[in-house]
Amino acid sequence: LDKLRALKALRGDSLLLEIDGGVNAKTIAQCTAAGAQMLVVGSAIFKSQNPYAESLAELTRLAASGTQ
């Protein structure tokens with residue numbers, strides 16, 4: 001996340017930042033707070049005990065909480 005913050009500080013919004021790996025309900029808000037705009041969340045959805053739509057909605061809500 002430190003590298004992400006550094007890139008965000010250096011390039012601002014001119015660079016689209018993505019995180020792939022380790023993104024889940026516990027980490028997603030930290031990722032967006034650090035500047036990530038694209039998040040690969042395959043395992044967080046497909047290994048969840050909750051239905052797909054419910055998992056996606058929860059991750060989306062948590063991601064948005066990191067940008068506030």
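Is Lys 8 buried, exposed or partly exposed? Lys 8 is partly exposed, at a relative accessible area of 26%. Here buried means under 20% relative accessible area, exposed means over 50%, and partly exposed lies in between (1.4 Å probe, protein chains only).

This is a predicted model, in which local features need pLDDT of at least 70, side-chain atom pairs count only at pLDDT 80 or more, and totals for chains, interfaces and linings use all residues. Residues are numbered from 1 along each chain as its sequence is written, and side-chain values use heavy atoms, with hydrogens and water left out.

Stay with Lys 8. Its side chain meets that of Asp 13 in a salt bridge, 2.5 Å from N to O. The term covers a side-chain nitrogen of Lys or Arg within 4 Å of a carboxyl oxygen of Asp or Glu.

Another joins Arg 5 to Asp 2. Their closest N and O atoms are 3.0 Å apart. Both residues sit in helix H1, which spans residues 2-11. They are three residues apart, about one turn of the helix. Helices are DSSP runs of H or I with at least four residues, numbered from the N terminus. Arg 5 is partly exposed, with a relative accessible area of 41%. Asp 2 is exposed, with 60%.

Now move to helix H4, residues 52-65. Here the side chains of Glu 58 and Arg 61 form a salt bridge, with N and O at 2.8 Å. The spacing is three residues, about one turn of the helix. Glu 58 is partly exposed, at 34% relative accessible area. Arg 61 is partly exposed too, at 48%.

Thr 32 is next. Where does Thr 32 lie? Thr 32 belongs to helix H2, residues 28-33. With a relative accessibility of 9%, Thr 32 counts as buried. Its side chain reaches the backbone oxygen of Ala 63 at 2.7 Å. Which residues does Thr 32 contact, leaving aside its neighbours within four places in sequence? They are Leu 39, Ala 63, Gly 66 and Thr 67. Contact means heavy atoms within 4.5 Å.

Terms used. Helix = DSSP H or I, 4+ residues; strand = E, 2+ residues; numbered from the N terminus. Polar contact = N/O pair within 3.5 Å; in protein donor to acceptor, adjacent residues only side chain to side chain.
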